[in-house]
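Open the model in your viewer and keep the selection tool at hand. This tour goes from stop to stop and says what to select at each one.

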Amino acid sequence: MTKPLPHPNATTQPFWSGCQQGRFELQRCEACGHMQFPPRLACTSCHSGALGWVNASGRGTVYSFTTVYRAPIEAFKPDLPYIIAMIELEEGPRAMMNLRGADPERIAIGMEVEIFFEPPAADGGYPLPQARLRS
Ligand SMILES: [Zn+2]
């Protein structure tokens, strides 16, 4: 069994296309300016369907996290233990992703992180946004 891969749809395709070019993009409402993630059909603040895309800085802080010691499926066993973190981006929205290269015993809420892209796991896959501690 392999790890599940992204399956973009019409709403999420611009995000994944951005990942292919090394950009983590957020939706920005053209009516009210609200920024959101993950991609949706309408603004979660004013319900407008007029959404554009902006390139996020890729910087944020650890809002919350958990360390996974038991793999949900066989394909994740080699990664154990691994950290899944909710990252609060500088722009405001929060995004959940792996926090790579950090000691699970030393991670703390509020630590500064940056997004990087892990190469696609398979042909036709997408680079996956991941977080790492900012030095
Ligand atoms: Zn809006």
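The stops below go through a predicted model, beginning with a helix and ending with two cis peptide bonds.

**Stop 1: helix H1**

Select residues 13-20, which form helix H1. Which residues of H1 are buried? They are Phe15, Trp16, Gly18 and Cys19. These residues lie on the same side of H1, because they cover an arc of only 150 degrees around the axis. An α-helix has 3.6 residues a turn, so residues three or four places apart point the same way.

Then move to Gly22, which follows H1 and has a positive phi, near 75 degrees.

**Stop 2: the zinc ion**

Select the zinc ion and show the side chains of Cys29, Cys32, Cys43 and Cys46. Each of these residues gives its SG atom as a donor, and the donors lie 2.3 to 2.4 Å from the zinc ion. How are the 4 donor atoms arranged around the zinc ion? The arrangement is tetrahedral, because the donor atoms subtend angles of 104 to 114 degrees.

Along the sequence, the spacing of the donor residues is C-x2-C-x10-C-x2-C. Cys32 is in the loop between S1 and strand S2 (35-36), while Cys46 is in the loop between S2 and S3, so this pair ties together parts that are 14 residues apart in sequence. Cys32 is partly exposed, with a relative accessible area of 40%. Cys46 is also partly exposed, and its value is 34%.

**Stop 3: His47**

Select His47, in the loop between S2 and S3. Its phi is positive, about 70 degrees, although His47 is not a glycine. Is His47 buried or exposed? His47 is exposed: its relative accessible area is 63%, and the cut-off for exposed is over 50%.

**Stop 4: Phe116**

Go to strand S7 and select Phe116. With a relative accessibility of 18%, Phe116 counts as buried, because the limit for buried is under 20%. Which residues does Phe116 touch, apart from its neighbours within four places in sequence? The contacts are Arg100, Leu128, Pro129, Gln130, Ala131 and Arg132.

For a distance check, pick the C-alpha atoms of Phe116 and Ser64. The two residues are 52 residues apart along the chain, and these atoms are separated by 19 Å.

**Stop 5: Ala71**

Select Ala71 in the loop between strand S4 (59-68) and strand S5 (82-89). Ala71 is buried, with a relative accessible area of 19%. Leaving out residues up to four places away in sequence, Ala71 touches Phe76, Lys77 and Leu80. Next, pick the C-alpha atoms of Ala71 and Tyr82: they are 9.3 Å apart in space, and the residues are 11 apart in sequence.

**Stop 6: two cis peptide bonds**

A cis peptide bond joins Leu80 and Pro81, with omega about -15 degrees. Pro81 is in the loop between S4 and S5.

Last, select Phe37 and Pro38, which are also joined by a cis peptide bond. Here omega is about 0 degrees. Pro38 is in the loop between S2 and S3, where His47 is also found.

Conventions: Residues numbered from 1 in each chain as written. Predicted model: local features only at pLDDT ≥ 70, side-chain atom pairs only at ≥ 80, totals over all residues. Heavy atoms only, no water. Buried < 20%, exposed > 50% of the residue type's maximum accessible area, 1.4 Å probe, protein only. Helix = DSSP H or I, 4+ residues; strand = E, 2+ residues; numbered from the N terminus. Arc of directions from axis to C-beta. Contact = heavy atoms within 4.5 Å. Donors = N, O, S within 2.8 Å, 3.2 Å for Na, K, Ca; no water. Tetrahedral: all angles 85-135°; square planar, octahedral: opposite > 155°, others 65-115°.
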